[in-house]
Amino acid sequence: MDYFDCLLSSSSSGESDSDTEILFTALNSSEGTSTTHKIRVEIFVENVIDKYSDKQFREQFRLQRSTAMYLIERYESSTYGCINEGKGRKGIAPKNQILAFIWFCANKDSYREVCNLFNMAESTVFSHLNSVLDFFYDISKQIIKFPDSEEEKQQVASDFQKVSKFENVIGCIDGSYISIRKPAKKIRSTYINRHDMVSITLQGVCDSKKRFLDVCVGSPSKIHDSRIFSLSPLSENLAIICNQRYHLLGDAAYPLREYLLTPYRHDGRMTHKKQKYNLKHSQTRVLIENAFSLLKTRFRQLMRLDFFTIERMCKFVMACCVLHNICISLNDLIETDEELIMHESNNNEQRNAVTTNDPDIRNAALRRLVEIKRDSIADSF
């Protein structure tokens, strides 16, 4: 069981109410028992979406039609895309489920607006949202992963080296705030970050193409990035992944490791070599900030999540990361929002203002070995 699974089980065990139960308790109390027929858009997919030009489709869904069709076909062939074909009320077609989900991800529409557009009841949207989220979580380990073979690792390192000549880099790591509403049955102050905003942290590792190689989501943003890293499975597995040759690049918020290199601190003794090392380090590591910016540019729902439970929030963020990787793999690219780039960069600088005293590297001999490796790389520049 990985960190994400542990988080889901712990959050679920302490919360008897699902998103659906919490929402419909509120709806019933506010609307009474009214059975007034709701007016919704009929055959929106057939009469509107199917008639979009490719350009119009991309503008509305923030991805190409071919990418959406790939997702629909994959969902249809899975156990999650099955619908009722027998007697009784016919289920919603997998195509409509996926299109409604992508529409919801790409725009800041509410559940109610999606229901009206795609002619679904609120309960139907919740039910199919669960199926789609479970589908994406099921395939996440196929889509979000480190390279397996030595040849694949060498290719990733070679691609990184082309960026700024930094050798043996297998990924860049950082964290990003995901703004949320206060989770049900949680204490608000637990999730307050340094901007006095309620949020969870998405820890991600990306390659040079800005695809996510590892994702850890759900920790309250009050927790420091170094602590989130130490709690994640990546902390335990990274030494094996790097195999005494490769390393990640992280900012000053992370602990210095043989397999996780951080920049030199500006302590008044910065030599020209150290400054050049920091420049190369920054030019490479900025890719993870760009990856987060691309993710939030494409999936605007991530600007603020209005789900009730941490479990639903985690699954939704994971689904967006899977979609992000699929889009890149299919060469479905999108321009980054410049404001989001600045936002991620500012958040990153403020994280760097609070560094950590790493208890695992207090041993002077061990620390010296890691520093020698970093100095050797600095000398190579």
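Author: A residue is called buried when its relative accessible area is under 20%. The model shown here is predicted, and buried residues make up 51% of the protein's 381 residues.

Reader: What does the secondary structure come to?

Author: The protein has 15 helices and five strands.

Reader: And in what order do the five strands form the sheet?

Author: The order is S3-S2-S1-S4-S5, in an open sheet with mixed pairing. Strands S3 and S5 (260-261) are the edge strands, each pairing on one side only.

Reader: In which sense do S1 and S4 pair, parallel or antiparallel?

Author: Strand S1, residues 169-179, pairs with strand S4, residues 247-249, in the parallel sense, and three bridges join them. Within this pair, Cys172 has Leu249 of S4 opposite.

Reader: Which strands does helix H9 touch?

Author: Helix H9 (residues 150-164) packs on the sheet and touches S1 and S2. The direction of H9 makes about 75 degrees with that of S1.

Reader: Which strands does H13 touch?

Author: Helix H13, residues 310-329, also packs on the sheet, where its contacts are with S1, S2 and S3. Its direction makes about 160 degrees with that of S3.

Reader: Let me change topic to Asp207. Where does it lie?

Author: Asp207 is in the loop that runs between strand S2 (199-206) and strand S3 (212-220).

Reader: Why does Asp207 count as buried?

Author: The cut-off for buried is under 20% relative accessible area. Asp207 counts as buried because its relative accessibility is 4%.

Reader: What does the side chain of Asp207 reach?

Author: It reaches the backbone nitrogen of Lys209, at 2.9 Å.

Reader: Leaving aside neighbours within four places in sequence, which residues is Asp207 in contact with?

Author: Those residues are Val156, Phe160, Leu213 and Leu287.

Reader: Now the helices H6 and H8. At what angle do they pack?

Author: Helix H6 (residues 94-106) and helix H8 (residues 122-143) pack at about 85 degrees, and their axes are 10 Å apart. Angles of 65 to 115 degrees count as roughly perpendicular, so H6 and H8 are roughly perpendicular to each other.

Reader: Which residues meet there?

Author: From H6, the residues are Gln97, Ile98 and Phe101; they meet His128, Leu129, Val132, Leu133 and Phe136 in H8.

Reader: Finally, how much accessible surface does the protein have?

Author: The accessible surface comes to about 18500 Å², and carbon and sulfur atoms account for 49% of it.

Note on methods. Residues numbered from 1 in each chain as written. Predicted model: local features only at pLDDT ≥ 70, side-chain atom pairs only at ≥ 80, totals over all residues. Heavy atoms only, no water. Helix = DSSP H or I, 4+ residues; strand = E, 2+ residues; numbered from the N terminus. Buried < 20%, exposed > 50% of the residue type's maximum accessible area, 1.4 Å probe, protein only. Areas by Shrake-Rupley, 256 points an atom, 1.4 Å probe, with all protein chains shown as cover. Polar contact = N/O pair within 3.5 Å; in protein donor to acceptor, adjacent residues only side chain to side chain. Contact = heavy atoms within 4.5 Å. Pairing = 2+ DSSP bridges. Axes fitted to C-alpha atoms, helices over the stretch in contact; angles between N-to-C directions. Parallel < 35°, antiparallel > 145°, perpendicular 65-115°, else oblique.
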